[in-house]
Amino acid sequence: MRAGPAVALLAALLGAPAASAQAPPAPAAEAPAAEAPAAVSALPMQEVAPGLFVYAAPYALAGRRNDGAIANVGFVIGRDAVAVIDTGGSLRAGQRLLAALRQRTALPVRYVVNTHVHPDHVLGNAAFAGEGTTFVGHHALPEALSARAADYLRANADLVGPDFAGTRIVPPTLLVSTSLDLDLGGRVLHLEAWPTAHTNSDLTVRDRETDTWFLGDLLFVGHVPALDGRLSGWIEVLRRLRAEPAARVVPGHGPASVPWPAAAGPIDRYLAVLETQVRAMVRDGVPIGEAGDAARTEAQQWSLFDDFNARNATTAYQEMEWE
């Protein structure tokens, strides 16, 4: 892939590099306003447990053919209300999720929970903003979104094209520092905030009724992991997650649900290989520009490997050279 498109794709997903993450965003934090939305096609959902629906996204980068709907998203229906977990990568993606929800229930959407900062999980929020919904996220999420808002909107508008119109940043107002329970009426969701791992704003959501655990991008299945936080932190958080049994988990990318903890095997291996090889590069004085060669033995095991691995290795190298 040529350098220009590669940089644009990474900016669309990960935002500015860590060194510039604290720069103030551009004054405009919204994409061009949308006209009255045309009818949208509902996302195809799978009911992975009673009253719990998941869209299993394709392994793809945001583009004009997918509305930015490239991350797993879902919703949980309680007796009195509904909670949505992540909303997709554009207003249109969020509208398609809302259309799928409305095919199944007329109950109000009480909560939208964002599992972390990345645009493929949060840029559909505006589709739910008019329903009196409370937006929920990790305590670090508002600052992370503010720092990246302009970059996210600009880059994804270029990739998604006209269907991105009207997309805007809707930050959470209910913040989770450690844990929080949300009651949908006889159905409780348990939220936990995690230390910096995949990002600095990772949040998990467990449906108590069915013991289904939304892990967000702490778990990738099939799609190569994307490191935007701390490699050592991600390895440690995964160790803690694996110690907790669950009937099933929903990854941020991959099938609608997978068995736990067996599904953690491939990502554990990838992160361990990346850590070992990058650490050896730092020890041996290999220049950071060559870090992208790390973990090449994993290339055949993952979709989109060449789109993310070099960035992962560079991020890990920067972390380890300061240890």
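Predicted model: local features only at pLDDT ≥ 70, side-chain atom pairs only at ≥ 80, totals over all residues.
**Salt bridges.** By this rule I find a count of 16 salt bridges. I looked up D268 and R242, whose side chains meet in a salt bridge at 2.9 Å, N to O. This pair links distant parts of the chain, with D268 in helix α6 (residues 265-284) and R242 in helix α5 (residues 231-242), 26 residues apart. D268 is partly exposed at a relative accessible area of 22%, and R242 also counts as partly exposed, at 32%.

I turned next to R187, which forms a salt bridge with D207, their closest N and O atoms being 2.8 Å apart. R187 lies in the loop between β8 and β9, while D207 sits in strand β10, 20 residues apart. Both R187 and D207 are buried.

For E298 and R269 I again noted a side-chain salt bridge, at 2.8 Å, N to O. E298 has a relative accessibility of 5%, and because buried means under 20%, E298 counts as buried; R269, at 35%, is partly exposed. I also recorded a network of salt bridges that links R148, D228 and R311.

**Strand β5.** I then asked how β5 (residues 109-113) is placed: four of its five residues are buried, so the strand is largely enclosed by the rest of the structure. Strand β4 (residues 82-85) pairs with β5 in the parallel sense over four bridges, and I85 has V113 as its bridge partner in β5. On β6 (residues 134-138), which runs parallel to β5 and is joined to it by three bridges, V136 stands opposite V113. Finally, I noted that β4, helix α2 (residues 91-102) and β5 make a right-handed β-α-β unit.

Notes:
Residues numbered from 1 in each chain as written. Heavy atoms only, no water. Buried < 20%, exposed > 50% of the residue type's maximum accessible area, 1.4 Å probe, protein only. Helix = DSSP H or I, 4+ residues; strand = E, 2+ residues; numbered from the N terminus. Pairing = 2+ DSSP bridges. Right-handed = clockwise from strand over helix to strand, strands pointing away. Salt bridge = Lys/Arg side-chain N within 4 Å of Asp/Glu carboxyl O.
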